[in-house]
Amino acid sequence: MAGEGVKAAASVNRHDVEAVNAASRRSLYKKREKIHPKRMEGTFRRIKWAAMAIFLGIYYLTPWIRWDRGPDAPHQAVLLDFPARRFYFFFIEIWPQEVYYITGLLILAAVGLFLATSIAGRLWCGYACPQTVWTDLFIAVERFFEGDRNERIRLDQAPWSLSKISRKTAKHLTWIVIAMATGGAWVFYFADAPTLAHQLLTFDAPAIAYTTIATMTATTYLLGGHAREQVCTYMCPWPRIQGAMLDEESLAVSYRYDRGEPRGPHKKGEPWEGRGDCIDCRQCVVVCPMGIDIRDGLQLECIQCALCIDACDDIMTKIGRPKRLIAYDTDSNIQARMKGEKPRYRLVRPRTVIYTAILVVVSLIMVIGLMTRSVIDLNVIRDRNPLYVMLSDGSIRNGYTLKIINKLHEPARFAISVEGLPQASARLLGFDDMSEPVEVAPDALRSVRLFVTAPRAALTEKSIPIVIRVRDLDSGTEVVNDTTFKAPIDE
Amino acid sequence: MAGKKEVDQFSGVETTGHEWDGIKELNNPLPRWWLWTMYATIIWSFGYWVVMPAWPLISDYTRGVIGYSQRAELADTMAKVGQDRAARAGSLVDASLEDIEKDPDMQGFAMAAGQAAFGDNCAPCHGSGAQGGKGYPNLSDDDWLWGGSLEDIHTTILFGIRGDHSDTRYSQMPAFLKDEILTAEQVDEVVEYVLSISGQDHDQAKTANGAQIFAENCTVCHAEDGKGDRVQGAPNLTDAVWLYGGDRASIRQTVAESRFGIMPAWTARLDPVTIKSLAVYVHSLGGGE
Ligand code: SF4
Ligand code: SF4
């Protein structure tokens, strides 16, 4: 063939061309390699069990906590009541115009995440993220029915048998039940939990409840049972973002290569001089839920669950070497040790200080806001068209619309007064006189029209500041609103 | 070139050759489930075409087997709103004006309906804030030509003023100079008198004669004290509010040539509930009696 090519060279034009797919023989798509993480007991496994119990407990039980708010209000401690446009959170009740509390909470959550990440890396990913927690739970279920890593690998390779079918079925059914409970718990945050639970069981619940549960069941089953590490590696943006919060002083699950290298198998009784502590047993790899090797360094796939720390600790104990060859450590410490310097942990860094400062400031604002949050609200809208009205005796009248909000769960009576223009008289539309209290129904807003009239002689400026005061006759609580009185005076 | 793709030393993955600030893009393979997901969305879209409205045709479009339409949904919602409104309006048909104003539910409805109707029908003359203008009364002050009670306002809206309805409110002021009832000098004198009773600067020398002329010609309508008569729509001449201007020249023109403001009757143009709502709305503007 080659010879012919050379021969033909005189008459044939040679093209310097390559087939478009010649450069790579590998597939464009990557098959998922199934991971069979091995269970390893240890400090961090125990921490993770505790975290799982706490987080799942909070998630499943919170909607069932009752809270007494009086007869006309919901008895659920945490409730997002969209039809009535109210959010309830224990003693806090948020109206639509107060969504800034939710904004505040989101800011706190974000900055809290930044701070935790800059201190100790992906704490969120490793212990608290729902994807991690539910995957962990699903792996535990898998282990319960199919055994630990080696047994599972053998089962997967084994031909189909009655035992294999029954074990797999039991696993999937358990997953689906957990997934349904997860979806079910979700909808309880949006309606009275006992009522909705009863409706759900009697097939009386709104269609949206069933579709939400169905969607949540499907996603939980899919993401926790099947997608697992694929979510973290391919779908989640946080692994890409979190690197920006890290620096060389941030703690992270690290393989201390200063101590581990050079690695290699070790026979009992052999000396440890001139070699590292890592015996290349790959325990750390088999326990890893992401299926990666921590010894490759900090990597995007590592959710920093710290399970490889437990695994290696176990090995180190067995071979009689000090624990924590894999540990929470910082890059700069490893560098320092390699240079023979003393490692040190710097918690106080510009990064952590700034995040903490933001956290404290926003929390303070929120706390102050919540503490001074009034149960009555007043909004004054000045008439702009017309700005003022001249009456038959020559006096000038201004009109205002007062929107009074009563956030209490009982009716409130208010006295309204106007200050700043002593000669002026005030009148409420539909009321006999100003001493007649304005009643506002529980948990409601009422609009009243206020007319303020001042004799022409009393008006010396185009715009006179006045104050409208609303006082709750029962509690004495007051709200004031500054506004102006406009007069026909050219300046 | 020549097919030799650069391979990243650290990860062993080839790069796309794209580089930003020394950071090279790895050409990692896409996970295969991602591909399946795309196929699934394609299959989904076929199903969607069948179930939902999807393809434009020449004069129509494929409607989908469940026959969903946003337009129908809107029409549904609007019909429901219409029903609700009709039910609420129904309660206003037989209610008295006073009852409407007292009942918070009916009052709220009347205020909203009245405000909307006012903007559409009344604002061109009376202004969007009902503040009026020269020749068009301000409806938010406390000065009323034909009365400011709910009933009076309602009647005025129903039948109009100097209009063509048989029940219209009617009165006419003579054009004292044009019709040669008074001489120019007499007109000047009565104008000074009117200025004096409304508390404005005036020529003291002329007011005595003016008072005489006023007593003989004007009191039938404007009353002896000049405070007017609502039965005839005769304005109060002693207050600060002037429909056509309160300065010497304006008053002189009014006396000499008369004024003839017209408001149409609305009874044939608007339904009774809207007119009631308008009366309640105007009554609430601040001058209602
Ligand atoms: S578990 Fe420890 S000793 Fe074993 S390979 Fe991993 S780092 Fe090395
Ligand atoms: S490498 Fe270690 S810390 Fe990272 S995900 Fe795997 S087991 Fe968890």
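Because the model is predicted, local features need pLDDT of at least 70 and side-chain atom pairs count only at pLDDT 80 or more, while totals for chains, interfaces and linings use all residues. Residues are numbered from 1 along each chain as its sequence is written, chains are lettered from A and ligands numbered from 1 in the order in which they are written, and side-chain values use heavy atoms, with hydrogens and water left out.

## Around the two ligands

Let us start with the ligands. A residue counts as near a ligand if one of its heavy atoms lies within 4 Å of it. For ligand 1, these residues include A:Tyr255, A:Asp280, A:Arg282, A:Arg295 and A:Cys312. Two helices, α13 (283-287) and α14 (307-319) of chain A, each supply at least two residues of this shell. Helices (H or I, at least four residues) and strands (E, at least two) are DSSP runs, numbered from the N terminus.

How do the residues of the shell around ligand 1 divide into nonpolar, polar and charged? There are eight nonpolar, one polar and three charged. Here Ala, Val, Leu, Ile, Met, Phe, Trp, Tyr, Cys and Pro count as nonpolar, Asp, Glu, Lys and Arg as charged, and the others, Gly among them, as polar.

Ligand 2 has A:Val253, A:Pro289, A:Ile303, A:Gln304 and A:Cys308 among its surrounding residues. Its shell divides into 11 nonpolar residues, one polar and no charged.

## Salt bridges

A salt bridge is a side-chain nitrogen of Lys or Arg within 4 Å of a carboxyl oxygen of Asp or Glu. By this rule the count over all chains is 42. Here are three of these pairs.

| Pair | N to O distance |
|---|---|
| A:Arg321 and A:Asp277 | 2.9 Å |
| A:Lys407 and A:Asp377 | 3.5 Å |
| B:Arg88 and B:Asp105 | 3.5 Å |

Take the pair A:Arg321 and A:Asp277, whose side chains meet in a salt bridge. A:Arg321 lies in the loop between α14 and β6 (326-329) of chain A and A:Asp277 in the loop between α12 (257-260) and α13, so the pair ties together parts that are 44 residues apart in sequence. A:Arg321 is partly exposed at 27% relative accessibility, whereas A:Asp277 is buried at 4%. Buried means under 20% relative accessible area, exposed over 50%, and partly exposed in between (1.4 Å probe, protein chains only).

Now for A:Lys407 and A:Asp377, which also form a salt bridge. This pair links distant parts of the chain, 30 residues apart: A:Lys407 sits in the loop between β9 (396-406) and β10 (412-419) of chain A, and A:Asp377 in strand β7 (residues 376-382). A:Lys407 is buried, with a relative accessible area of 5%, and A:Asp377 is partly exposed at 25%.

In chain B, the side chains of B:Arg88 and B:Asp105 meet. Elsewhere, salt bridges that share partners join several residues into one network, including A:Lys34, A:Glu142, A:Arg152 and A:Arg228.

## A buried charge without a partner

Where is B:Asp239 found? It is in the loop between α8 (219-222) and α9 (248-257) of chain B. B:Asp239 is buried yet has no salt bridge, and the nearest side chain of opposite charge, B:Arg230, is 8.2 Å away. The backbone nitrogen of B:Val241 lies 3.1 Å from a polar atom of the B:Asp239 side chain. Leaving out residues up to four places away in sequence, B:Asp239 touches A:Ser392, B:Asp143 and B:Ser198 (contact means heavy atoms within 4.5 Å).

A cis peptide bond joins A:Glu261 and A:Pro262, with omega about -15 degrees; A:Pro262 is in the loop between α12 and α13 of chain A. Another joins A:Asn385 and A:Pro386, with omega about 0 degrees.

A:Phe90 has a positive phi of about 50 degrees although it is not a glycine. This residue is in the loop between β3 (86-89) and β4 (92-94) of chain A and is partly exposed at 23% relative accessibility. B:Arg162, not a glycine either, has a positive phi of about 50 degrees, and at 16% relative accessibility B:Arg162 counts as buried.

How values were computed:
Lys and Arg count as positive and Asp and Glu as negative; His and the chain ends are not counted. A polar contact is a pair of N or O atoms within 3.5 Å; within protein, one must be able to donate a hydrogen and the other to accept it, and residues adjacent in sequence count only if both atoms are side-chain atoms.
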